[in-house]
Amino acid sequence: MIIVVMGVTGVGKTTIGSALALKLGCDFKDADAYHSAANIEKMSHGIPLTDADRIPWLEAMRAVLGSYAADDQGVVLACSALRESYRAILGKDLILTWIYLKASADVICQRIEHRHGHFAKEDLLKSQFDTLEEPRDVIVVNAEPPEDQVVAEAMSKLTAQQQVSQ
């Protein structure tokens, strides 16, 4: 199973995605690792990425997901995937399970204020919400409770979805 945990910066994609991968016994990949140095530089200065900045990044992750699919291996990818067009690039010719972590801007702002060592700061959050096209037909998980509750909700909804599709 290939799972993409998506949402705006600071919502908990890496935290929840890595916990899910551990529970599922599969690899975890973070989209931040696929950004170019130029993209990281822009974001660290509060400059939102353009679609032109994002396309090579999305295509690199699509290639990684494709290799997991070709090897019939499971992986969880944490990636913002804010627009439908971005999700289309990531999912081209693949079967993906999407988990959308959803939380209020206030909650996310508080989290961003307390995290250290990440290039995306609070000033990017507004542009993330402005860019976000909320997905349909995905697993939606409330990302506001503590981590263990978010992971439990995600696992419960994944299990329910698997039972329905069998």
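**Notes on helix packing and a few loop residues**

1. The crossing of H1 and H7 is right-handed. This comes from a predicted model, so please read the points below with that in mind. Helix H1 spans residues 13–24 and helix H7 spans residues 147–165; their axes come within 10 Å and cross at roughly 55 degrees. H1 and H7 are therefore oblique to each other, since an angle counts as roughly parallel under 35 degrees and as roughly perpendicular from 65 to 115.

2. Which residues make this contact? H1 contributes Thr15, Ile16, Ala19, Leu20, Lys23 and Leu24, while H7 contributes Glu147, Val150, Val151, Ala154, Met155 and Leu158. Sorted by class, the contact of H1 with H7 holds nine nonpolar residues, one polar and two charged.

3. Setting aside neighbours within four places in sequence, leucine 101 is in contact with Val5, Met6, Gly7, Val11, Gly12, Lys13, Ile16, Val141, Ala143 and Val150. Leucine 101 and alanine 152 are 51 residues apart in sequence, and their C-alpha atoms are 13 Å apart in space.

4. Now for the other helix pair. The axes of helix H3 (residues 51–70) and H4 come within 8 Å and cross at roughly 30 degrees. H3 and H4 are therefore roughly parallel to each other, as the cut-off for that label is an angle under 35 degrees. The crossing of H3 and H4 is right-handed.

5. On the H3 side, the residues involved are Asp51, Arg54, Ile55, Leu58, Glu59, Met61, Arg62 and Leu65, and they meet Tyr86, Ile89 and Leu90 in H4. By class, the contact of H3 with H4 has seven nonpolar residues, no polar ones and four charged.

6. Which residues of helix H4 (residues 84–91) are buried? They are Tyr86, Arg87, Leu90 and Gly91. These cover an arc of only 125 degrees around the axis, which puts them on the same side of H4. As background, an α-helix has 3.6 residues a turn, so residues three or four places apart point the same way. Tyr86 and Leu90 are also among the H4 residues that meet H3.

7. The backbone on either side of H4 deserves a look. Most residues other than glycine have a negative phi. Alanine 81, in the loop between strand S3 (75–78) and H4, has a positive phi of about 45 degrees although it is not a glycine. Aspartate 93, in the loop between H4 and strand S4 (97–102), likewise is not a glycine and has a positive phi of about 65 degrees.

8. Lastly, alanine 33 sits in the loop between strand S2 (27–30) and helix H2 (37–44). Alanine 33 is exposed, its relative accessible area being 63%. Alanine 33 and tryptophan 57 are 24 residues apart in sequence and 9.5 Å apart in space, C-alpha to C-alpha.

How values were computed: Residues are numbered from 1 along each chain as its sequence is written. This is a predicted model: local features need pLDDT of at least 70, side-chain atom pairs count only at pLDDT 80 or more; totals for chains, interfaces and linings use all residues. Side-chain values use heavy atoms; hydrogens and water are left out. Buried means under 20% relative accessible area, exposed over 50%, partly exposed in between (1.4 Å probe, protein chains only). Helices (H or I, at least four residues) and strands (E, at least two) are DSSP runs, numbered from the N terminus. The arc is that of the directions from the helix axis to the C-beta atoms. Axes are lines fitted to C-alpha atoms, for helices over the stretch in contact, and angles run from 0 to 180 degrees between N-to-C directions. Angles under 35 degrees count as roughly parallel, over 145 as roughly antiparallel, 65 to 115 as roughly perpendicular and the rest as oblique. A crossing is left-handed if the near helix is turned anticlockwise from the far one by less than a right angle, and right-handed if clockwise. Contact means heavy atoms within 4.5 Å. Ala, Val, Leu, Ile, Met, Phe, Trp, Tyr, Cys and Pro count as nonpolar, Asp, Glu, Lys and Arg as charged, and the others, Gly among them, as polar.
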